[in-house]
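Okay, thanks everyone for coming. I've got one structure for you today, so let me put it up and we'll walk through it together.

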Amino acid sequence: MSISSLQAEGTADASASLTVKAEKRRQSRLSLAMVSPSVLVLLVWMAVPLAMTLYFSLIRYNLLYPGDNDFVGLENFTFFLTDEGFSAGMTNTLLLVCSVLIISVVVGVLIAVLVDTPFWGRGIVRVLLISPFFIMPTVSALVWKNLLLHPVSGVFAAVWRFFGAQPIDWFSTYPMEAIIMIVSWQWVPFAVLLLMTAMQSLDQEQKDAARLDGAGPVSIFWHITLPHLARPIAVVVMIETIFLLSIFAEIFTTTGGGPGYETTNLAYLIYSQALLQFDVGLASAGGLVAVLLANVAAFILIRMIGKNLTDKA
């Protein structure tokens, strides 16, 4: 092959490479141009409310005194963090989140293991088990408040009277426990749904081999089933934690944050300051604090659980 032929082939290859690179750049610019409007709308959708919240948190903005909008700096943050409702709200938020997570994981695992065994009507039972998750929180809270936990006409009161006991006024005597029951009833089906799906991929031959080796149901559950469910349990914890930090409808519908601050979490505390006390500036500062705490919780979960998931994958 002559030198001129080699040079011609080299020139053709270089030209083809340049053409491919130019086509890739054109496609990249086209993709960017098509995605840019939606990204811009999303940024505006996020940035504008956040900027307004930050602005209101730095001024004295009370709807009862519309003309008094002086710049106060971090004064709203100081008032929010030193308010007696903040410590109660933080405690109740942590108690609610941790309690519901423990109940969801424990009950979800047990139910997922029980319904994994074939039996007549298993499909109907599965549908019934996950159905509470699709009920609106307000409706769920009203059902529990008026039909189940009502001290006079509720189902629990009828059971108590049937056994000769005095019915309990749950929302006055045990308000936080009542909220935990309501929220757990709604979020256990979510855990059941994910864990039941994960159980379908469990190797049955491994369980059969363990039975042949003399392993009992408890040993099979502890050494085979539970390790297999570790990853879906981590997913349940991550997703539920994000949503449980903003629980509001159940508290608003049943106890109104009371008695006192016994069922007031951060979400309801911010609501009460904004729409009951009309202090938009203080509520904006509380909203930013709640956003910061939620991001800290998400960061910790991603570092602890997400890294664990990646290592196992």
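I'll go through the annotation, then the nonpolar cores, then the aromatic pairs.

Bear in mind that this is a predicted model.

So, the record. The UniProt entry, which is unreviewed, has "transmembrane region" over residues 30-56, 94-115, 127-144, 178-198, 233-254 and 274-302. I looked at two of those spans. For residues 127-144, the end C-alpha atoms are 21 Å apart, and the span is 67% helix with 0% strand. For residues 233-254, the end C-alpha atoms are 30 Å apart, with 82% helix and again 0% strand.

Now the cores. How many residues does the largest nonpolar core have? It has 35, and Val183 and Leu244 make the most contacts inside it. The elements giving two or more residues to this core are helix H3 (84-115), helix H8 (175-199), helix H10 (217-228), helix H11 (230-244) and helix H13 (266-276). H8 puts in the largest share, 12 residues. If you zoom in on Leu244 and ignore its neighbours within four places in sequence, you'll find Leu244 touching Val97, Val100, Leu101, Val183 and Trp187. There's another core too, apart from the largest one, with 12 residues, including Leu266, Ala274, Leu288 and Val289.

On to the aromatics. Pair one is Trp144 with Phe156: edge-to-face, 6.2 Å centre to centre, with 80° between the planes. Trp144 sits in helix H5 (residues 137-148) and Phe156 in helix H6 (residues 155-162), so this pair ties together parts 12 residues apart in sequence. Phe156, at 24%, counts as partly exposed.

Pair two is Phe248 with Tyr268, and this one is stacked: 5.8 Å centre to centre, 25° between the planes. Phe248 is in the loop between H11 and helix H12 (249-254), while Tyr268 is in helix H13, so here the pair ties together parts 20 residues apart in sequence. Phe248 is partly exposed, with a relative accessible area of 27%, and Tyr268 is buried at 7%.

Last thing, back to pair one. Trp144 and Phe156 belong to a cluster, linked through ring pairs, that also takes in Trp160, Trp170, Tyr174 and Trp185.

Notes. Residues numbered from 1 in each chain as written. Predicted model: local features only at pLDDT ≥ 70, side-chain atom pairs only at ≥ 80, totals over all residues. Heavy atoms only, no water. Core = buried A, V, L, I, M, F, W, Y, C linked by side-chain atoms within 4.5 Å. Buried < 20%, exposed > 50% of the residue type's maximum accessible area, 1.4 Å probe, protein only. Helix = DSSP H or I, 4+ residues; strand = E, 2+ residues; numbered from the N terminus. Contact = heavy atoms within 4.5 Å. UniProt positions renumbered as here; feature names shortened; annotations may be inferred. Phe/Tyr/Trp six-rings, centres within 6.5 Å; stacked < 30°, edge-to-face > 60°.
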